[in-house]
Amino acid sequence: MTTTEPRSDLRPPGLNADERTTLLTFLDYLRESVLAKAAGVPEPAVRAAGVPSGTSLLRLLKHLTAVELNWFVWAYAGADREQWEDEAVSADETASDLAHAYREAVTRANEVVLACTDLDRPGARSLRETAPPSMRWVLVHMIEETARHAGHADILREQIDGSIGR
């Protein structure tokens, strides 16, 4: 994708469904937006920090992978393991590796969501110093988290090659 071939702007999903389906559909839409922003960006641009804080497209993918697994699998479902680490991108991690890991995390997260029959039911624990939140809260939080980082990815991608659109 180049500035002469901008990606078409995708629109949010339009549907009239139950609450869980609606929330999950919007979250999936945002997840795909983040993945699309990292797709096709060559090395080293895909890992280059676009801002002084060090944020790169690969860093966003790695962060969102850990966040998905920690909120849905560790906190809500109560997986018997340590939390996933949200560490820096290593030199041997590729865009393909991190996109695959993010897609796997999304699949695991969606399995937890689809197994939940009551959005009001609190999860096993919380990542914060609060009582475990409900599935509804986790879904809305993840929509907010993913949307914020999708916006970051929009800016980073535009800085790299001028591509705009979701």
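A: Let's start with one term: a residue is called buried when its relative accessible area is under 20%, exposed when that value is over 50%, and partly exposed in between. Keep in mind, too, that this is a predicted model.

The part to look at is helix α1, which covers residues 19–38. Its 20 residues reach 30 Å from the first C-alpha to the last, close to the 28 Å expected at 1.5 Å a residue. At the start of α1, look for D18: one of its side-chain oxygens comes to within 3.3 Å of the backbone nitrogen of R20. At the other end, just after α1, G40 has a positive phi of about 80 degrees.

Now turn to the buried side of the story. The buried residues of α1 include L23, L24, L27, L30, V34 and L35, and also R31 and K37. What do they pack against? Their partners are three other helices: α2 (57–76), α3 (95–115) and α4 (135–161).

Two of those buried residues, R31 and K37, deserve a visit of their own. Side chains of opposite charge can pair when their charged atoms come close. R31 forms a salt bridge with E68, and the closest N and O atoms are 2.7 Å apart. This pair links distant parts of the chain, since R31 sits in helix α1 and E68 in helix α2, 37 residues apart. R31 has a relative accessible area of 1%, which is under 20%, so R31 counts as buried. E68 has a relative accessible area of 0%, so E68 is buried as well.

K37 has a salt bridge too, this time with D154, where the closest N and O atoms are 3.5 Å apart. K37 lies in helix α1 and D154 in helix α4, so the pair ties together parts that are 117 residues apart in sequence. K37 is buried, at 4% relative accessible area, whereas D154 is partly exposed, at 29%.

Is T146 buried or exposed? Its relative accessibility is 0%, so T146 counts as buried. Leaving aside residues up to four places away in sequence, T146 touches L27, L30, R31, V34, L64, E68 and Y102.

For a contrast, look at T107 in helix α3. T107 is partly exposed, with a relative accessible area of 43%. The C-alpha atoms of T107 and E68 are separated by 9.7 Å, and the two residues are 39 residues apart along the chain.

Finally, let's step back to the salt bridges as a group. How many are there? The count comes to 12. One of them joins the side chains of R59 and D86, at 3.0 Å from N to O. R59 is in helix α2 and D86 in the loop between α2 and α3, 27 residues apart. R59 is partly exposed at 24% relative accessibility, and D86 is partly exposed at 32%. Salt bridges that share partners also join E19, D120 and R136 into one network, and E19 brings us back to helix α1, whose residues are 19–38.

Conventions. Residues are numbered from 1 along each chain as its sequence is written. This is a predicted model: local features need pLDDT of at least 70, side-chain atom pairs count only at pLDDT 80 or more; totals for chains, interfaces and linings use all residues. Side-chain values use heavy atoms; hydrogens and water are left out. Helices (H or I, at least four residues) and strands (E, at least two) are DSSP runs, numbered from the N terminus. The expected span of a helix is 1.5 Å times one less than its number of residues. Buried means under 20% relative accessible area, exposed over 50%, partly exposed in between (1.4 Å probe, protein chains only). Contact means heavy atoms within 4.5 Å. A polar contact is a pair of N or O atoms within 3.5 Å; within protein, one must be able to donate a hydrogen and the other to accept it, and residues adjacent in sequence count only if both atoms are side-chain atoms. A salt bridge is a side-chain nitrogen of Lys or Arg within 4 Å of a carboxyl oxygen of Asp or Glu.
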